[in-house]
Amino acid sequence: MDNPAPGAADLHLPADLRTPLRPDAFALSDDEKIAGIEPHFRAIMELLGLDLTDDSLSGTPRRVAKMYVQEWFRGLNPEHQPAMKLFENRYQYHNMLVERDITLFSCCEHHFVPIIGKAHVAYLPGENVVGLSKLNRVVQYYARRPQVQERLTRQIAEELKRSLHTEDVAVLIEADHLCVMSRGVNDTSSSTITAEYGGRFAQSEQYRAEFLRLIGR
């Protein structure tokens with residue numbers, strides 16, 4: 001398969017919502033990226049004074065490199081974008097559909113430490129519905145990048161609007177940021193909440209209130 005065009009999966013997003021990528025972001029394969037990251041992380045560990053001949057540490061540079069490419073940041077590669085297959089809404093269900101408490105793991109792009117939380121998404125079905133797991137996969141795809149929570153929330157909402165062919169979507173994320181909890185102010189009791197509403201969710205307080213009630217807020 002040819003390398004995808006830079007940012008190809010994000011072209012439907014407004015420019016300010018696209019994850020910042022260089023034009024050559026996909027010039028290297030995943031294996032080449034892992035091989036390139038490994039010595040750089042080894043150098044960081046050595047600069048910290050760690051003894052990489054220790055059997056507990058010797059494999060860490062490669063483990064971290066694989067984690068970055070294959071897990072934490074796999075959402076950077078548009079080849080991993082989930083396919084959103086729609087199904088005819090034969091049962092004529094037109095009430096709110098909510099997928100709540102979707103596990104969310106992301107990474108703060110300012111300090112490269114974890115963001116851990118939950119996402120809640122909803123939409124109002126029209127002629128078509130989507131398999132429920134696809135909602136989870138959209139959240140995970142955009143989360144698995146260096147992120148800020150505000151952008152992540154809007155990226156998920158815009159992708160759902162495009163894929164579901166409706167403006168009637170809602171996204172709410174509540175998350176703990178280890179850049180706040182484990183460094184800086186070291187505040188372990190605060191959390192961050194962001195929300196994005198489209199269509200009838202944006203226009204109607206009743207829809208927003210029902211969504212918040214259904215997710216337990």
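Which residue in E6 does Lys 118 stand opposite? Select Lys 118 and look across to E6: the residue facing Lys 118 is Glu 174.

The model is predicted, so local features need pLDDT of at least 70 and side-chain atom pairs count only at pLDDT 80 or more, while totals for chains, interfaces and linings use all residues. Residues are numbered from 1 along each chain as its sequence is written, and side-chain values use heavy atoms, with hydrogens and water left out.

Next, select residues 169-177, which form strand E6. Strands (E, at least two residues) and helices (H or I, at least four) are DSSP runs numbered from the N terminus. Of the 9 residues in E6, 7 are buried, so the strand is largely enclosed by the rest of the structure. Buried means under 20% relative accessible area, exposed over 50%, and partly exposed in between (1.4 Å probe, protein chains only).

Two strands pair if DSSP finds at least two bridges between them. Ala 175 has Thr 192 in E7 as its bridge partner.

Move to residues 205-214, helix H7, whose N-terminal end is capped by Ser 204. A side-chain oxygen of Ser 204 lies 3.2 Å from the backbone nitrogen of Gln 206. Just after H7, select Gly 216, which has a positive phi of about 80 degrees.

Finish at Leu 50, in the loop between helix H1 (30-47) and helix H2 (60-72). Leu 50 is partly exposed, with a relative accessible area of 38%.

Methods: Polar contact = N/O pair within 3.5 Å; in protein donor to acceptor, adjacent residues only side chain to side chain.
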